[in-house]
Amino acid sequence: MPVNPSSSSPITSTRFAIFSVVFICLILQVINSLPGITLNGLGIYPRSVQGLMGILCAPFLHGSWWHFASNMLPFAVLSWLICQYSVKRFYTVFIFTALVGGLLVWAFGRSSLHVGLSGVIYGLWGFILCYGVVRRSFKSIIIAVVVAVLYSGFIWGVLPQRFHVSFESHLFGALSGFFLGYKLAKSDRLKGK
């Protein structure tokens with residue numbers, strides 16, 4: 001049977017979606033670790049014109065190797081769970097939470113540089129929880145329960161605790177994820193998806 005080379009399996013598409021983001025973050029972290037190079041200036045600096053560029057750049061930049069490493073596992077797990085709906089859904093949630101959450105950080109965050117994938121991670125988390133509660137399909141509830149059990153501690157990350165941690169990114173990422181989860185769950189229920 002002939003195989004269309006342009007088609008790819010859902011597993012391959014999922015791996016590509018997740019690992020492409022991880023790979024971009026890794027390459028930028030390597031560059032950022034070189035002597036004399038500081039890419040983190042491209043992060044979100046609230047209410048400044050140059051800080052607007054950070055909405056696009058900040059999710060891929062990290063303050064240290066520890067910061068980078070601590071974000072990769074939850075990102076991979078939550079992304080994989082969203083890909084269980086579809087890879088397109090993952091891209092939708094990723095882009096929406098990065099842009100909307102980033103814009104809210106730019107508008108309301110502290111006057112400090114905000115970098116890291118954690119805003120998007122909280123967006124993925126918020127999306128999964130809200131989507132499961134509102135959609136109420138067997139699949140969405142199971143995925144939401146898994147996330148609630150694995151990442152229940154995330155709730156504390158939306159509160160100001162440590163000065164060097166951008167709780168604003170966590171908070172606004174989660175809120176944008178909740179919003180999108182609610183809207184898409186309502187839409188999917190109407191469509192019977």
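The UniProt record, an unreviewed entry, places the feature "transmembrane region" at residues 16–45, 65–83, 90–109, 115–134, 141–159 and 165–185; such annotations may be inferred rather than shown by experiment, and feature names are shortened. Residues are numbered from 1 along each chain as its sequence is written. The model is predicted, with local features requiring pLDDT of at least 70 and side-chain atom pairs counted only at pLDDT 80 or more, while totals for chains, interfaces and linings use all residues, and side-chain values use heavy atoms, without hydrogens and water. Residues 90–109 are 95% helix and 0% strand, with the end C-alpha atoms 26 Å apart. For residues 165–185, the span is 90% helix and 0% strand, and the corresponding distance is 31 Å.

The protein contains 7 helices and 0 strands, where helices (H or I, at least four residues) and strands (E, at least two) are DSSP runs numbered from the N terminus. The radius of gyration, taken over C-alpha atoms, is 17 Å, close to the 16 Å that the globule rule gives for 193 residues, so the protein is as compact as a globular protein of that length. That rule is 2.2 Å times the number of residues to the power 0.38. Of the 193 residues, 46% count as buried (under 20% relative accessible area; exposed means over 50%, partly exposed in between; 1.4 Å probe, protein chains only).

Side chains of opposite charge can pair when their charged atoms come close. The count comes to 2 salt bridges (a side-chain nitrogen of Lys or Arg within 4 Å of a carboxyl oxygen of Asp or Glu). In one, D188 pairs with R89, the closest N and O atoms being 3.2 Å apart. D188 lies in helix α7 (residues 167–191) and R89 in helix α4 (residues 87–108), so the pair ties together parts 99 residues apart in sequence. D188 is buried, at 4% relative accessible area, and R89 is buried at 12%.

R110 forms a salt bridge with E168, with 2.6 Å between the closest N and O atoms. Because R110 lies in the loop between α4 and α5 (118–135) and E168 in helix α7, this pair ties together parts 58 residues apart in sequence. R110 is partly exposed, with a relative accessible area of 25%, whereas E168 is buried at 4%.
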